[in-house]
Amino acid sequence: MRSSILILSIILLFLIAPAIVSAQSKPVVLVAYYSPSGHTKAMAEAVAGGAETGEVEVVLRSIEDISEEDVLKAGAIVLGSPVYNANITPAVQEFINSWPFEGRPLKDKIGAAFATGGGISIGEELVMLNIIHSMLIHGMVIVGGQETEAAFGASAITGEGEYAGKAVQEVFLKKAEGLGKRVAEMVVRIEVNP
Ligand SMILES: Cc1cc2nc3c(=O)[nH]c(=O)nc-3n(C[C@H](O)[C@H](O)[C@H](O)COP(=O)(O)O)c2cc1C
């Protein structure tokens, strides 16, 4: 009886161990956002959905809930900010300023950006490029979205014309999804796995 339990346990261990090891070794894609009125959060959720390829572990979190350890553990960081006066918000700037720099521990991690802005061409590209500048200072490897229309990352217009007063539109969510998917593919491809 005892020996059959022992044999069964060994068989189970052999069956479960590879699954445990592969779960632990998946690169982490951290999707970080700041979103007082919910539009950037909607884009973040679409980025996270796109990144769910099964090959990575996706962590979707508001910047207030992200620790230094979360940042260090991530193989990729996708960061989103609303446009405030054609710039990233002070909270997102503070979040970036909190990243560890000594010894450049973020070097070679994948980085990508997304943004939402009230109006067309009054800041969303500047915000994505601002995030990208900061990631480059840390030595991160920058990835844009799937299509030319999301070359700098994924952005959404939330307050002008036909986009005003509505949930974030499908055309923008698709760009966010594509960005997430590409980041997930690239982080596996370059085998970033701290
Ligand atoms: C203080 C402030 C400044 C803003 N400045 C801009 C701006 O310069 N350009 C723009 O396109 N939208 C601007 N907006 C609009 C926001 O970027 C837009 O509503 C965004 O989608 C909000 O994101 P959230 O819903 O995730 O908070 C501003 C909003 C606030 C509150």
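Reader: Ser121, buried or exposed?
Author: Exposed, in this predicted model. Ser121 has 10 C-beta neighbours inside 10 Å, so Ser121 counts as exposed.

Reader: Where does Ser121 lie?
Author: Ser121 lies in the loop between β4 and α5.

Reader: What is phi of Ser121?
Author: Phi of Ser121 is near 55°. That is a positive value in a residue other than glycine.

Reader: What about phi of Arg104?
Author: Phi of Arg104 is near 50°. This value is positive too, and Arg104 is not a glycine.

Reader: Where's Arg104, and is it buried or exposed?
Author: Arg104 sits in the loop between α4 (90-97) and β4. Arg104 counts as exposed because it has 12 C-beta neighbours inside 10 Å. The cut-off for exposed is 12 or fewer.

Reader: How far is Arg104 from Ile137?
Author: Their C-alpha atoms are separated by 9.2 Å. Along the chain, Ile137 and Arg104 are 33 residues apart.

Reader: Which helix holds Ile137?
Author: Ile137 is in helix α5. Ile137 has 13 other C-beta atoms within 10 Å, so it is partly exposed.

Reader: Next, His138. Where is it?
Author: His138 is in the loop between α5 (124-137) and β5 (141-142).

Reader: How many C-beta atoms are within 10 Å of His138?
Author: There are 19 others, so His138 is partly exposed. Buried needs 20 or more.

Reader: What is His138 in contact with?
Author: Leaving aside neighbours within four places in sequence, His138 contacts Trp99, Phe101, Arg104, Leu106 and Lys107. So the list includes Arg104, which counts as exposed.

Reader: And how far apart are His138 and Gly153 in space?
Author: They are 18 Å apart, C-alpha to C-alpha. In sequence they are 15 residues apart.

Reader: Changing topic. Which residues come nearest the ligand?
Author: His39, Thr40, Pro82, Gly117 and Gly118 come nearest, out of 20 residues around the ligand.

Reader: Which element gives the largest share of that shell?
Author: α2 does, with 3 residues. α2 (39-51) and β4 (110-117) each supply at least two residues of the shell.

Reader: How do the shell residues divide, polar or nonpolar?
Author: The shell has 13 polar residues, 6 nonpolar and 1 charged.

Reader: Back to α2. At what angle does it pack with α6?
Author: α2 and helix α6 (residues 170-189) pack at about 45°. Their axes are 6 Å apart. That angle makes α2 oblique to α6.

Reader: Why give both an angle and a distance?
Author: Two packed helices are described by the angle between their axes and the distance between the axes.

Reader: Is the crossing of α2 and α6 right-handed or left-handed?
Author: The crossing is right-handed.

Reader: Which residues make the contact?
Author: From α2, they are Ala42, Met43, Ala46, Val47, Ala48, Gly49, Gly50 and Ala51. From α6, they are Phe172, Leu173, Ala176, Glu177, Gly178, Leu179, Gly180, Lys181, Val183 and Ala184.

Reader: How do those divide, nonpolar, polar or charged?
Author: The contact of α2 with α6 has 12 nonpolar, 4 polar and 2 charged residues.

Reader: Take Leu173. What does it touch?
Author: Leu173 touches Ala42, Met43, Ala46 and Val168, not counting residues up to four places away in sequence. Ala42, Met43 and Ala46 are among the α2 residues of the helix contact.

Reader: Leu173, buried or exposed?
Author: Buried. Leu173 has 20 other C-beta atoms within 10 Å, so it counts as buried.

Reader: How far is Leu173 from Val28?
Author: Their C-alpha atoms are separated by 22 Å. Along the chain they are 145 residues apart.

Reader: Now Glu69. Which helix, and buried or exposed?
Author: Glu69 is in helix α3 (residues 68-73). Glu69 counts as exposed because it has 8 C-beta neighbours inside 10 Å. From Val31, Glu69 is 14 Å away in space, C-alpha to C-alpha, and 38 residues away in sequence.

Reader: Whole chain now. How many helices and strands?
Author: The protein chain has 6 helices and 6 strands. From the N terminus on, the elements run α-β-α-β-α-β-α-β-α-β-β-α.

Reader: What share of the residues is buried?
Author: Buried residues make up 41% of the 194 residues in the protein chain.

Reader: And what share of contacts comes from residues 24 or more positions apart?
Author: They account for 82% of the contacts with a separation of 6 or more.

How values were computed
Residues are numbered from 1 along each chain as its sequence is written. This is a predicted model: local features need pLDDT of at least 70, side-chain atom pairs count only at pLDDT 80 or more; totals for chains, interfaces and linings use all residues. A residue is near a molecule or strand if its C-beta atom, placed from the backbone, lies within 6 Å of it. Helices (H or I, at least four residues) and strands (E, at least two) are DSSP runs, numbered from the N terminus. Ala, Val, Leu, Ile, Met, Phe, Trp, Tyr, Cys and Pro count as nonpolar, Asp, Glu, Lys and Arg as charged, and the others, Gly among them, as polar. Axes are lines fitted to C-alpha atoms, for helices over the stretch in contact, and angles run from 0 to 180 degrees between N-to-C directions. Angles under 35 degrees count as roughly parallel, over 145 as roughly antiparallel, 65 to 115 as roughly perpendicular and the rest as oblique. A crossing is left-handed if the near helix is turned anticlockwise from the far one by less than a right angle, and right-handed if clockwise. Two residues are in contact if their C-beta atoms, placed from the backbone, lie within 7 Å.
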